Amino acid sequence: MASPPRRVSSLLYSLLPSSLAPIPLFHALPIYPLLLSSVFSPSLSRSLSSSMAPELQQDGDGTSAHAALHKTKVTVVGSGNWGSVAAKLIASNTLRLSSFHDEVRMWVFEETLPSGEKLTDAINRNNENVKYLPGIKLGKNVVADPDLDNAVNGANMLVFVTPHQFMEGICKRLVGKIKGDVEAISLIKGMEVKMEGPCMISTLISEQLGINCCVLMGANIANEIALEKFSEATVGYRENRAIAEKWVHLFSTPYFIVTPVQDVEGVELCGTLKNVVAIAAGFVDGLEMGNNTKAAIMRIGLREMKAFSKMLFSSVKDSTFFESCGVADLITTCLGGRNRKVAEAFARGGGKRSFDELEAEMLQGQKLQGVSTAKEVYEVLSHRGWLEFFPLFATVHEICIGSLPPSAIVEHSERKPEL
Ligand SMILES: NC(=O)C1=CN([C@@H]2O[C@H](COP(=O)(O)OP(=O)(O)OC[C@H]3O[C@@H](n4cnc5c(N)ncnc54)[C@H](O)[C@@H]3O)[C@@H](O)[C@H]2O)C=CC1
Ligand SMILES: O=C(CO)COP(=O)(O)O
């Protein structure tokens with residue numbers, strides 16, 4: 001495991017309880033996630049103090065059959081760029097934590113590689129997702145499985161991480177196959193719009209499968225986390241703090257710091273809506289308008305994210321926008337994400353080549369979420385008569401479908417003072 005970067009590790013080191021501070025960093029590494037969680041979350045610290053010792057024990061002379069029966073099994077549903085990194089993160093922890101089965105199953109939407117080999121076989125042979133995360137070993141305990149039913153069978157914790165447009169179909173295939181006590185988490189940034197109105201992906205999972213579903217969102221460009229560069233994430237939960245802590249436990253590593261927040265809608269809407277703002281930021285880059293303009297677009301976008309989230313769900317908290325899932329994810333995606341990159345190419349070409357074409361050419365099978373999310377947000381805005389309150393969101397969609405030129409992003413996004 002890579003050491004955390006020095007500046008971060010020394011900061012965290014200085015925050016450790018004094019009784020632990022003298023432990024050299026590499027000795028503390030196995031318990032690092034627990035320590036970090038404790039440092040950043042006092043109530044987590046309290047609840048972990050009782051459970052910490054068993055987690056830290058080695059299995060020694062072999063786990064008893066009884067204990068093995070009660071170990072938690074984790075399946076990751078999805079194996080794209082972020083899906084593969086999520087499996088890697090989780091797999092490093094299931095090996096370390098004795099309450100989890102070592103093996104992490106990862107459902108793969110099967111495809112045939114140019115070599116003629118099936119993607120699943122290539123992943124299992126190389127211990128690497130050669131298409132969506134080349135060059136990164138996932139951990140020997142990650143097992144790719146193209147059979148969805150088999151992949152989820154017996155799992156107690158399900159991690160959903162596919163592009164959002166595929167989730168409705170996946171849920172339909174899983175109806176009746178998941179026990180009610182299974183816990184789920186969604187890492188998916190996006191939403192569905194139904195006749196009744198907008199439906200967040202965690203709600204879709206909960207309602208279709210009859211299970212509880214948390215969310216994990218944050219400033220998490222997958223390729224950077226794959227290289228074990230320090231970053232943070234936010235787990236959004238509804239009521240059950242203990243379940244949120246279990247997810248924090250499963251994902252935390254010395255380089256991936258996870259904070260629980262009781263605001264599932266706020267966390268999920270942050271992750272979803274920032275992709276629309278990232279498309280706008282890409283237009284600004286494509287038009288070479290500079291950093292001030294991009295910062296202005298990000299500010300206006302953040303304001304619309306907050307207003308839209310609160311108009312949909314009055315429970316959404318202001319503080320959520322200051323977590324990793326909020327302003328941090330907005331910044332990283334507007335600087336380095338795929339939505340930004342493809343939108344830049346779209347604007348450079350004057351909007352003549354469609355997003356579908358550019359996505360296929362530039363992302364090689366990876367999927368954008370911002371363009372479809374802009375359409376979904378637009379549907380909600382028009383249906384509710386809110387278009388005039390969200391000029392940036394509306395303009396992004398109108399540019400994406402070719403009704404406005406890319407330059408409209410600054411002309412239309414902010415109401416300017418009357419001259
Ligand atoms: N890549 C990143 O840096 C991050 C992505 N996310 C979110 O995670 C979610 C998943 O994204 P990635 O893992 O990056 O995926 P990706 O965009 O890299 O890959 C696309 C995935 O979709 C699968 N797929 C294609 N057609 C399908 C179908 N008909 N049914 C089911 N699956 C199909 C492909 O096999 C592949 O696994 C998205 O909501 C994204 O916004 C969140 C944080 C970071
Ligand atoms: O969500 C992301 C980073 O947190 C990734 O954003 P992109 O899909 O634009 O790459």
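The structure is a predicted model, in which local features need pLDDT of at least 70, side-chain atom pairs count only at pLDDT 80 or more, and totals for chains, interfaces and linings use all residues. Residues are numbered from 1 along each chain as its sequence is written, chains are lettered from A and ligands numbered from 1 in the order in which they are written, and side-chain values use heavy atoms, with hydrogens and water left out. Helices (H or I, at least four residues) and strands (E, at least two) are DSSP runs, numbered from the N terminus.

**Annotated domains**

- From UniProt (unreviewed entry) comes the feature "domain: Glycerol-3-phosphate dehydrogenase NAD-dependent N-terminal", placed at residues 73-240. UniProt positions are given in the numbering used here, feature names are shortened, and annotations may be inferred rather than shown by experiment.
- That span, residues 73-240, is 30% helix and 27% strand, and its end C-alpha atoms lie 20 Å apart.
- A UniProt annotation, again from an unreviewed entry, covers residues 263-411 and reads "domain: Glycerol-3-phosphate dehydrogenase NAD-dependent C-terminal".
- Residues 263-411 are 72% helix and 0% strand, with 34 Å between the end C-alpha atoms.

**The largest pocket**

- The largest pocket holds about 980 Å³ of space. A pocket here is an open set of points on a 1 Å grid over the protein atoms alone, where a 1.4 Å probe fits, with protein on both sides within 12 Å along at least five of seven lines. Grid points are joined across faces, edges and corners, and the volume is the space filled by probe spheres set on the points.
- Its lining has 41 residues, and N81, W82, P163, R338 and K367 are the ones nearest the centre of the pocket; lining residues have an atom within 4 Å of a point.
- At least two lining residues come from each of α6 (81-96), α9 (167-174), α11 (222-226), α13, α15 (324-336), α16 and α17 (355-363). With four residues, α15 gives the most to this lining.
- By type, the lining splits into 15 nonpolar, 18 polar and eight charged residues. Ala, Val, Leu, Ile, Met, Phe, Trp, Tyr, Cys and Pro count as nonpolar, Asp, Glu, Lys and Arg as charged, and the others, Gly among them, as polar.

**Aromatic contacts**

- There are ten aromatic pairs. Rings of Phe, Tyr and Trp (its six-membered ring) pair if their centres lie within 6.5 Å; planes under 30 degrees apart count as stacked, over 60 as edge-to-face and the rest as tilted.
- F283 and F346 make a tilted pair, because their ring centres are 5.8 Å apart and their planes are at 45°. F283 sits in helix α13 (residues 264-286) and F346 in helix α16 (residues 338-348), so this pair ties together parts that are 63 residues apart in sequence.
- Both F283 and F346 are buried (buried means under 20% relative accessible area, exposed over 50%, partly exposed in between, with a 1.4 Å probe and protein chains only).
- F308 and F390 meet edge-to-face, because their ring centres are 5.7 Å apart and their planes are at 90°. F308 belongs to helix α14 (residues 291-312) and F390 to the loop between α18 (370-384) and α19 (391-400), so this pair ties together parts 82 residues apart in sequence.
- F308 and F390 are both buried, and one aromatic cluster is formed by F308, W386, F390 and F393.

**Helix α10**

- In helix α10 (residues 201-209), the buried residues are I201, S202, L204, I205 and L209. They lie on the same side of α10 because they cover an arc of only 160° around the axis, taken from the directions from the helix axis to the C-beta atoms.

**Individual residues**

- N127 is not a glycine, yet its phi is positive, near 55°. It is found in the loop between α7 (119-126) and β3 (142-145) and counts as buried at 8% relative accessibility.
- Q364, also not a glycine, has a positive phi of about 50°. This residue lies in the loop between α17 and α18 and is exposed, with a relative accessible area of 56%.
- E192 is in strand β6 (residues 191-194) and is buried, at 12% relative accessible area. E192 and V377 are 185 residues apart in sequence and 9.4 Å apart in space, C-alpha to C-alpha.
- E228, in the loop between α11 and β9 (231-236), counts as buried at 19% relative accessibility.
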